[in-house]
Amino acid sequence: MQLYSTKNKANTASLKEAVFTGLPADNGLFMPSHIPVLPTSFFENIEQYTFQEIAIEVCKALIGEDVPEAEIKKIINDVLTFEAPVLKVSGNIHVLELFHGPSLAFKDFGARFMARLMSYFLSQDASKEINILVATSGDTGSAVAQGFLNMPGIRITILYPSGKVSDIQEKQLTTLGNNITALEIDGVFDDCQRLVKEAFLDAELNANMNLSSANSINISRLIPQSFYYFWAFAQLKKTGKPLVFCVPSGNFGNLCGGLIAKKMGLPVDKFVAATNANDIIPQYLTTGQFIPKASVSTISNAMDVGNPSNFQRLSDLYGNVFDDVKKDVVGKSYTDAETSAAMTEVYKNTGYILDPHGAVGYLGIKEYLQESGTDANGVFLATAHPTKFLDVVESAIGVTVPLPERLQAIVSKEKVAIKMGKDFEGFKAFLMANK
Ligand SMILES: *Cc1c(COP(=O)(O)O)cnc(C)c1O
């Protein structure tokens, strides 16, 4: 797979280069130079494949030049150790549950795939050890920590803002040990992000260690986010109805995964991009103007993004032609009150428990199906398990939600984190001492 930068198609990279550098030097984002279309026979027989087999086919088409087939199989079988079921919620509305992985959020797909792909590339180059720095406000950190746990040749340092992540998220970040180190920063998320950025720019640190990042803009996190769209299609194929996806979105990586699946031939009628009050992309889809804003806090806080980084990819996938983007994608945004009311309503009417992000997705698909009058299968993506946002969910539905077993185990573990100020010198001294 060759990749180019969205800022300048002449800036190209191999998959391996793109995975380790994360971003092109010109500040664009990496995109595949060619997105292959899968053969019709694949779609005709897709219901006979398992989730893993589907992912292997998609992967072979995308990265088969870079990674041997036997390795692709190994990676996929090791990444997809949990289900992604499609369930009916009501009428034509279905949910694609993406929260059955170790961190209980869809970011597990991206993080686990990235970890194994990096580890494969590193294994070709035995002397190398890399240090991945991750700033997190919660969800990304726990998916990355879980995804990279015990990966040979990779050390993970996670920076999180003290007192600003939920208790469960903190436990997920601080109880793994092994190759995962958690730094509890006396500051806010922006401080954590600044420390990581300064580290990447620091000549002395870079001369002493191989620094890398694992953020959501890495192409290796995008690729696996296409798999479950094919799998949802396979699960619903027998109904013979057209398919509409609604993706609750923040940085729009998840949506881009779906758009890539469509480019590979997956028959999808429409994508609904649903946001909370941070409605930059829905505004863009209405006006054609992309105007980033400061983010505002909402109850679906993993989507509180004021300058969605994957906008460049979204636009690039359509040759930067706004009218073409609009043919495939419609935007919707919802307030916290609407989101909360959706959680209440769905629980009351069906017994299904939504998390606030899934609830935004539910609202988007419901509104789209109503206004378009289409008899399509509507599928919204549930991106987090409801117990990850326990307070919000319980106050909306009025009952207590039991923690899934894998979270119960974490809660009783002891937190291990290194407390640190928000000044760069202290952070740098720590990295140098532990190189
Ligand atoms: C990260 C995240 C999102 C947003 O995904 P993007 O790919 O950034 O659009 C939605 N829901 C949850 C629970 C998340 O963790």
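Trainee: At roughly what angle do the axes of helix H5 and helix H6 cross?

Mentor: This is a predicted model. H5 spans residues 107–123, and H6 spans residues 139–148. Their axes come within 8 Å and cross at roughly 40 degrees.

Trainee: Is H5 roughly parallel or oblique to H6?

Mentor: Angles under 35 degrees count as roughly parallel. The H5 and H6 axes cross at roughly 40 degrees. That angle therefore makes H5 to H6 oblique.

Trainee: Is the crossing of H5 and H6 left-handed or right-handed?

Mentor: Take the contact along with the crossing. Lys107, Asp108, Ala111, Arg112, Met114, Ala115, Arg116 and Met118 of H5 meet residues of H6. On the H6 side are Asp139, Thr140, Ala143, Val144, Gly147 and Phe148. The crossing of H5 and H6 is right-handed.

Trainee: How many residues in the contact of H5 with H6 are charged?

Mentor: Seven residues of this contact are nonpolar and two are polar. Asp, Glu, Lys and Arg count as charged. In the contact of H5 with H6, the charged residues number five.

Trainee: How many nonpolar residues are in the contact of H3 with H11?

Mentor: H3 brings Phe51, Ile54, Ala55, Val58 and Cys59. H11 brings Phe227, Tyr228, Phe230, Trp231 and Ala234. The contact has no polar and no charged residues. Its nonpolar residues number 10.

Key
Residues are numbered from 1 along each chain as its sequence is written. This is a predicted model: local features need pLDDT of at least 70, side-chain atom pairs count only at pLDDT 80 or more; totals for chains, interfaces and linings use all residues. Side-chain values use heavy atoms; hydrogens and water are left out. Contact means heavy atoms within 4.5 Å. Helices (H or I, at least four residues) and strands (E, at least two) are DSSP runs, numbered from the N terminus. Axes are lines fitted to C-alpha atoms, for helices over the stretch in contact, and angles run from 0 to 180 degrees between N-to-C directions. Angles under 35 degrees count as roughly parallel, over 145 as roughly antiparallel, 65 to 115 as roughly perpendicular and the rest as oblique. A crossing is left-handed if the near helix is turned anticlockwise from the far one by less than a right angle, and right-handed if clockwise.
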